[in-house]
Amino acid sequence: MIQKRPFFITFLAPAVLTAVILAAAIFEVLQYSVREFVPGSLNVGGLTLENFARINRPIYWWVLADTFFISLLTAVFSLLASYPVAYALVRAKKDWVRSALVSLSITPLFTGEIVRTFSWMLTLGTDGFINSMLRKLGLIDMPIQLMYTRFGVVVALVQFSMPVMIILLATAIAHVDRDCERAAANLGASPSAVFWRVTLPLTLPGILSGIVVVFAWTMSAFSTPQLIGGGKILMISNLAYLQGFSVLNLPFAATLSLIALVCALGSLALMKTITGRIERRLAVN
Amino acid sequence: MTETAIIHPSKEAGSAVDIVRVRKDFGSAVGVADVSLTIRNGEFVTLLGPSGCGKSTLLGMIAGFVTPTAGKIVVDGADITDLEPYRRDIGMVFQSYALFPHMNVHDNIAFGLRMRKLPAAQVEKEVARAIAMMKLEGFEARRVRQLSGGQQQRVALARAIVIRPKVLLLDEPLSALDKNLRAQMQVELSELHRKTGLTTIFVTHDQGEALSLSDRIVVMNKGAVQQVAAPIELYRQPANGFVASFIGEINALPPGRCELKDGTASLVLPGVGPLVFPTAPATGFAPGRQVRAFLRPEHVRPVLAGEAGPNVVTGKVEAHIYQGSHTITRVVVEGIGLVETRVTGAEIVASAPVGASLGLAFDLSEAVLLDTAD
Amino acid sequence: MRSQKIGTVAFWSLVVALLTYMTLPTIVVLMTSVNPTEILAFPPQGVSFDWYVKAVTYPDFRIAFKNGLIVTACASTLALIVGSAFAWLIHHYDFRGRGLLEGVLWSPLIIPHFTLGFGFLLLGGAFGVQQGYVMIVLAHMVLVMPFVTRAVHVSLANIDPALARAAANLGASPFQVLTRITLPLVVPGMAGGWLIAAVLSLTEFTASLYVTGSRTQTLPVAMYNYIREYADPTVSAISALLIIATTLIMLVADRTIGLRRVLAIDTH
């Protein structure tokens, strides 16, 4: 007998089971988000849309707006900081330089958010590295406030997002046809004109996906705003945690978590549409 | 390579490109070895050779993408060896065309003019002229990826000639096209060259393209120039064994000695006997000289076995390679080795089956005599 | 030519500056971890390994590290098995609902970790196994599985499909093709995926904060709780150890199986 699809069920079953568990977890969040909050109890009441209506208050809008703003700043600065590194990573002539750049830019991805956030706390704190150095150099008398500021949060978030941004940009830059750049030079374009008119436009899909991925990623950042923002800077994740673990309002925490999920999915859908359109126009790949 | 194969740079008026003892080393390997070459104004010169022979490296050095290890390159009397590519005013068509995928046809062609900061009106005028010349009317707004291979080729040409380059470089521009289109584009390239009068340097590994298009062909191998000659001369008088066997098919006879007896010139092959030159002997003939004779398959005529005559040897048919209009028959001749003969039609396949013996008449008047060392 | 040189120098200076920015926090943490005093000092006022001793003997960290190893071992191994099977499945078959299944299983790359952690917390509550190992392992497994799936999928895509046909033509059954041809060829991808999964699981914080309890907390959660209470360099020492460990693992992974290929970063 011919087995048409060997191993089909065997290999499918565990994947389906995993997907069901994952879906159940997300469904629980959804389910809690439409439940009534019973103050003083972890049990929840009947169905309601009250939690979603509650979002419509200035204080919560402010947190949402701040989350968007911080994510956007992070995405833009991450792009600006990552492009030169990605370009160097792809175009360096020496093999060891490329390997070193890959290692230096990728390994931070794997040290985990707590280690990285803690490192930035030591760097940005009042007695931290930056203030100590500035004082040693005689540039400042009083320490400058970097912790618990939006600036400090963005500085740390940009550094976190750079490995991912660099990977996406490096892939895009590596796909640029070097002959196109040579052709532009041959037609009289100076090195800077070659970059602005040929290289940069051809890496536009990579740039856009980088921006959106980092934007979505930062929207769901938790530990950095939690520790470096220190409660002074609240992003939606911190608000959800606060509602869930301090106020013990699980339904509202669920609603906020769900909104964060929708925002992340929304930005990704947006990216797919935009890059899809650009790629069709370029008809590359 | 022989000394005479190098054309030393001349200071004659009208030379467009002077390549003077240019060398390129890649680490310890030699990419291009001390090449000197003068290309005249308006000439169509082809760099021909197998892959890795250094022809593309040489082209890259003229365009400025490869820096020579030594030597200099002079275009229109100006030394451009150290000039950046974008200041050279040399047009180039890339093997992959390298059309900008994010621009339409019009903007691709206008790119070089815009880089030269020409006024918009003049850009439009020049682009329109180039578009008309390359018969691309109606395609201005098309994305380049929507074009066929032949159309992409025309855009690449238009983009290169619109800047009125001092020299036009073509890097295997026909290799991406299918056979029929390739033939048509050869005709168009010829026509373009006639119309524009542009000094053109064409790189290819296809001898057919080289023979049909060029004023002169530069045959390269292992980084060195083997011969520089017009196509007909190259085919009839290859300078050495490499050129002889690289251009077309050729039979290499074993080394023999030239003899002149009673006014009859002949070539004595050990173990075969004398082969007689029917008319005046070929160039390179000198009594007593050891030579190798090279003979094209069309100058070897099959004769019936046993038919005696001058210059007839007999061998055993090894294989027939039928090629439509003609058939190549491989015959093993004792004392000579494998000899190919080329006749029109396919009758020989039946008249001299594989394994049968076949006589071959050598027409030595067309033979090329070369030093045994070559 | 001269202006070009200035441009090159300026560009590489910029790259070096940006790399300094990327690595500065790591350097700072390494500096503070060997500083003998409790108060931060730059540069360190000596070299001492007291904080390392305190870090590895601190009971909370010891328990958390053990918890983390259990969770990581279970989660990344489960992810390896399920993810590899899934990668094989989507490489070979098209079936109804495949898009949906893929969407769900890739989604942890996009879903905020706190949403996912919260979901598993609530799910655990519903089954009465709140903050137990089962939910922690499941949450971690779901989070790291996309990385394994991707690594294996890339490896599978690089196998010449003619190999399986050649084996079948020589008489190999589907099972023999799988074990004798496919499996040996994807082992590097699986190993790379497993390593990445293990490192990500070991250092995962946000979801863990939700799904772990005080007895089951993993190392990053214990570190977070410590930072909130104390301000001495013990966490610097732990961080330094984690940085060194992950960097070594990644270097080994890169040397042996080509991290660039597993992460699908092609620079050529």
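Which residue of β8(B) does B:V45 stand opposite? In this predicted model, B:V45 faces B:I201 of β8(B). The two strands concerned are β3 of chain B, residues 44–48, and β8 of chain B, residues 200–204; they run parallel and are joined by 5 bridges.

Both strands belong to an open sheet of 6 strands in chain B. The order across the sheet is β6-β7-β8-β3-β9-β10, and the pairing is mixed. Strands β6 (90–93) and β10 (224–229) of chain B stand at the edges. Each of these two has a single partner strand, so one side of each has no neighbour in the sheet. From one strand to the next, the twist averages 20°.

Chain B also contains helix α1, residues 55–63. A residue is counted as buried here if 20 or more other C-beta atoms lie within 10 Å of its own. By this criterion, 9 of the 9 residues of helix α1 of chain B are buried, so the helix is largely enclosed by the rest of the structure. After α1(B) comes B:G64, which has a positive phi, near 100°.

Chains A and C touch each other, with 74 residues of chain A in contact with 68 residues of chain C. On the side of chain A that touches chain C, helix α1 of chain A (residues 8–33) gives the most, with 17 residues. By residue class, this side of chain A is made up of 51 nonpolar, 17 polar and 6 charged residues.

For chain A, an unreviewed UniProt entry gives "transmembrane region" for residues 7–27, 59–90, 151–174, 194–215 and 250–271. Two of these spans are described here. Residues 194–215 of chain A are 95% helix and 0% strand, with end C-alpha atoms 29 Å apart. Residues 250–271 of chain A are 100% helix and 0% strand, and the end C-alpha atoms of this span lie 32 Å apart.

For chain C, UniProt lists residues 65–253 under "domain: ABC transmembrane type-1", again in an unreviewed entry. In the model, residues 65–253 of chain C are 81% helix and 0% strand. The end C-alpha atoms of this stretch of chain C are 22 Å apart.

Notes
Residues numbered from 1 in each chain as written. Chains lettered and ligands numbered in written order. Predicted model: local features only at pLDDT ≥ 70, side-chain atom pairs only at ≥ 80, totals over all residues. UniProt positions renumbered as here; feature names shortened; annotations may be inferred. Helix = DSSP H or I, 4+ residues; strand = E, 2+ residues; numbered from the N terminus. Pairing = 2+ DSSP bridges. Axes fitted to C-alpha atoms, helices over the stretch in contact; angles between N-to-C directions. Contact = placed C-beta atoms within 7 Å. Nonpolar A, V, L, I, M, F, W, Y, C, P; charged D, E, K, R; others polar. Buried ≥ 20, exposed ≤ 12 C-beta atoms within 10 Å, placed from the backbone.
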